[in-house]
Amino acid sequence: VQLQAYGGGLVQAGGSLTLSCTVSGNIFRINVMGWYRQAPGKQRELVASASSSGSSSVADSVKGRFAISRDNAKKSVTLQMNNLQTEDTAVYYCRLAVTKREYWGQGTLVTVSS
């Protein structure tokens, strides 16, 4: 199982970016996909997650600005990020959790300039 994340880049504050992550390989149909981020000097934190059953959640710090969606048929998850702020600058990672295993993508850098 491999995760490929893409869509990061440089954007001005107030702008938008869309991150996408696709899964290759066979995975159990019941799973959770999510986005995490890690800013320089900080711990990795959960940004948003979405389960195969349809439930989803986003962190309070991005609520109202970020939205997560997934396509089970395409084994993909998307993070729509609007009204980006400088504090959103980080490396963003997608994660797949299946029963007792987890898989991580390679990370994609998001830089928000003021």
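A residue is called buried when its relative accessible area is under 20%, and exposed when that value is over 50%. With that in hand, welcome to this predicted model, where we will look at the salt bridges.

The count comes to 5 salt bridges. Three of them are listed here.

| Salt bridge | Closest N and O atoms |
|---|---|
| D88 with R37 | 2.9 Å |
| D60 with K63 | 3.1 Å |
| R65 with D88 | 2.7 Å |

Let us begin with D88, which pairs with R37. This pair links distant parts of the chain, 51 residues apart: D88 sits in the loop between β8 (76–81) and β9 (90–98), while R37 belongs to strand β4 (residues 32–38). Both D88 and R37 are buried.

D88 also forms a salt bridge with R65. R65 lies in the loop between β6 (56–58) and β7 (66–71) and D88 in the loop between β8 and β9, so this pair ties together parts that are 23 residues apart in sequence. Are these two partners buried or exposed? R65 has 14% relative accessibility, so R65 counts as buried. D88 has 0% relative accessibility and therefore counts as buried too. Through salt bridges that share partners, R37, E45, R65 and D88 are joined into one network.

Now for the pair D60 and K63, whose closest N and O atoms are 3.1 Å apart. Here D60 is exposed, with a relative accessible area of 67%. K63 is exposed as well, at 51% relative accessible area.

Key
Residues numbered from 1 in each chain as written. Predicted model: local features only at pLDDT ≥ 70, side-chain atom pairs only at ≥ 80, totals over all residues. Heavy atoms only, no water. Salt bridge = Lys/Arg side-chain N within 4 Å of Asp/Glu carboxyl O. Helix = DSSP H or I, 4+ residues; strand = E, 2+ residues; numbered from the N terminus. Buried < 20%, exposed > 50% of the residue type's maximum accessible area, 1.4 Å probe, protein only.
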